[in-house]
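Hi,

Here is the structure I promised to pass on.

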Amino acid sequence: MKSSFLSLVLVGCTIFFSCSSSLSTSGNHRGTAGSGTIPSTLQATSPSAANVSEERLQRIDNIIQQAIEKREVAGAIGFIARNGKIVYNKSFGHADIPTQTALKTDHIFRIASQTKAITSVAVMMLFEEGKFLLDDRISKYIPAFAKPQVLDQYNAADTTFTTKPAKREITIRDLLTHTAGLQYAVIGGEPWTAIYSKAKIYAGFEASSDSLSWSVDRLAKLPLAHNPGEKFTYGLSTDVLGRLVEVASGLPLDRFFEERIFKPLGMTDTYFYLPQEKHSRLVTVHRQGANRTLTTYEGTGSVSADYPKRGGVYLSGGAGLSSTISDYAAFLQMLLNGGTYNGTRLLSRRSVELMTSNHIGDLFVGSDKFGLGFQVTTKQTELKLGMTEGAYKWGGYFGTTYWVDPKENIIALLYTQHSSLRSDVQDKFTASVYQVLND
């Protein structure tokens, strides 16, 4: 269970649309790839205008179509933009197998852990406003995290445990880098499944009636997997950061996102819980059954695949959002453009660079490093698929993935929707993006 979940949520460890939202033409791009002036809007163009081979783009069609024909995925959307110019924007297959509904580029996907990047940007926006420092103790803003404890002994027979004091408190930087020692029950295995379930701490996919503040305070009283800063442990850290955004801004997380991020970026289809009129655009989650049959995935345990339609009050900064590829591409273009989009600066260029630098020292995420909310590729990863060293990326539990390559001025996304993605289509897509470059 652990390895299959990681393959989904760790990109490399584990898209379209015509968009009229403006991009700053003074966006401080770090890359020099391609030719010509960066356009003022993210817009569809001929591949040749971005030094991309139209003939080689057809190879991506074939890769995605083959995955569908082999019944590895029900459908997929691929998206590539270079120098602010959309060169690939295609949907394939079905949004729903039982009804044979064709997948369209405006369908809404459960982006799950892609929520983390948005929450991390919100944190950095408040950091820029002087609301806190990255090395502040989180207990300064969420007092329940004072005097953290680390798990010492666990008794599987009755799920009891003992703890010992942590060597130091959790900082905001620890949360951004997933080195705080917080776990996810679903990938932590025993004892974390038992400890978190008993305390009613979930993964963030649930339409829960528990508030974010109540859940985070309850999480704060549970033991850590290790001392803060010692290891990279993928878990509920970004949910805690979502609560920090609420405390520091005085706004509920959904309102902060809407007012400070979604409206400036023109992200009109991104929600924690979908409004009724958009339910029909939500893609069905599929699962691969016997003989490679694709069936509807209803959910498991406390998780229902219909959580975006069910409503709730829990606002998971780590996994709760659903969105379209076009919305998320706007968000990524803002980052690639040095923090500006649609005539508005969300972050400084320096903050984007800070977020996409190595913050975990000698620790590793697979063969990569980790910044403040993003996996950062190393030379070893570049040698595997061609993704440039220094590109930053992540993905979502239900088979979505993205990356930003500042050197080549590329944003790329591939969206599927599966409970357990048994396909190499993501790796093939990654490799194919780099073989289309003509310069």
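The buried residues of helix α7 pack against α6 (192-198) and α8 (237-249). Helices here are DSSP runs of H or I with at least four residues, strands are E runs of at least two, and both are numbered from the N terminus. The α7 residues in question (the helix covers 212-220) are Leu212, Ser215, Val216, Leu219 and Ala220. They sit on the same side of α7, because they cover an arc of only 140 degrees around the axis, the arc being that of the directions from the helix axis to the C-beta atoms. "Buried" means under 20% relative accessible area, "exposed" over 50% and "partly exposed" in between, with a 1.4 Å probe and protein chains only.

Before you go further: this is a predicted model, in which local features need pLDDT of at least 70, side-chain atom pairs count only at pLDDT 80 or more, and totals for chains, interfaces and linings use all residues. Residues are numbered from 1 along each chain as its sequence is written, and side-chain values use heavy atoms, with hydrogens and water left out.

Now the overall picture. The protein has 14 helices and 19 strands, and 61% of its 439 residues count as buried. It exposes about 16,500 Å², with carbon and sulfur atoms supplying 47% of that; the areas come from the Shrake-Rupley method with a 1.4 Å probe, and for residues only the protein chains shown count as cover.

Next, the cores. A nonpolar core is a set of buried Ala, Val, Leu, Ile, Met, Phe, Trp, Tyr and Cys residues joined through side-chain atoms within 4.5 Å. The largest one has 106 residues, and those with the most contacts inside it are Ile172, Tyr196, Phe257, Ile261, Tyr328 and Phe331. Helix α11 (residues 325-336) gives the largest share of this core, nine residues. There is also a second, separate core of 27 residues, which includes Val87, Ala391, Ala412 and Leu437.

Helix α11 itself is worth a look. It is mostly covered, with twelve of its twelve residues buried; among them are Asp327 and Gln333. From first C-alpha to last, α11 reaches 16 Å, close to the 16 Å expected at 1.5 Å a residue (the expected span is 1.5 Å times one less than the number of residues). After α11 comes glycine 338, with a positive phi near 80 degrees.

What does tyrosine 328 touch, leaving aside its neighbours within four places in sequence? Its contacts (heavy atoms within 4.5 Å) are Ile111, Gln114, Ala117, Ile118, Ser323, Tyr402, Leu413 and Tyr415.

Tyr402 takes us to strand β18 (residues 400-405). Six of its six residues are buried, so β18 is largely enclosed by the rest of the structure. Thr400, Tyr402 and Val404 point one way from the strand, while Thr401, Trp403 and Asp405 point the other way. β18 has these partners (strands pair if DSSP finds at least two bridges between them):

- Strand β17 (residues 392-396) pairs with β18 in the antiparallel sense over five bridges, and glycine 395 stands opposite threonine 401. Their hairpin has three residues between the strands, and glycine 399 takes a positive phi near 95 degrees there.
- Strand β19 (residues 410-415) pairs with β18 in the antiparallel sense over six bridges, and tyrosine 402 stands opposite leucine 413. This hairpin has four residues between the strands, and asparagine 409 takes a positive phi near 55 degrees.

Serine 322, in strand β12 (residues 322-323), counts as buried because its relative accessibility is 0%. Most residues other than glycine have a negative phi, and most peptide bonds are trans. Here are some exceptions to check:

- Glutamate 190 and proline 191 are joined by a cis peptide bond, with omega about 5 degrees; proline 191 is in the loop between α5 (185-188) and α6.
- Asparagine 51 has a positive phi near 55 degrees and is in the loop between β1 (43-44) and α2 (54-69).
- Arginine 71 also has a positive phi, near 55 degrees. It lies in the loop between α2 and β2 (75-82) and is partly exposed, with a relative accessible area of 41%.

Cheers
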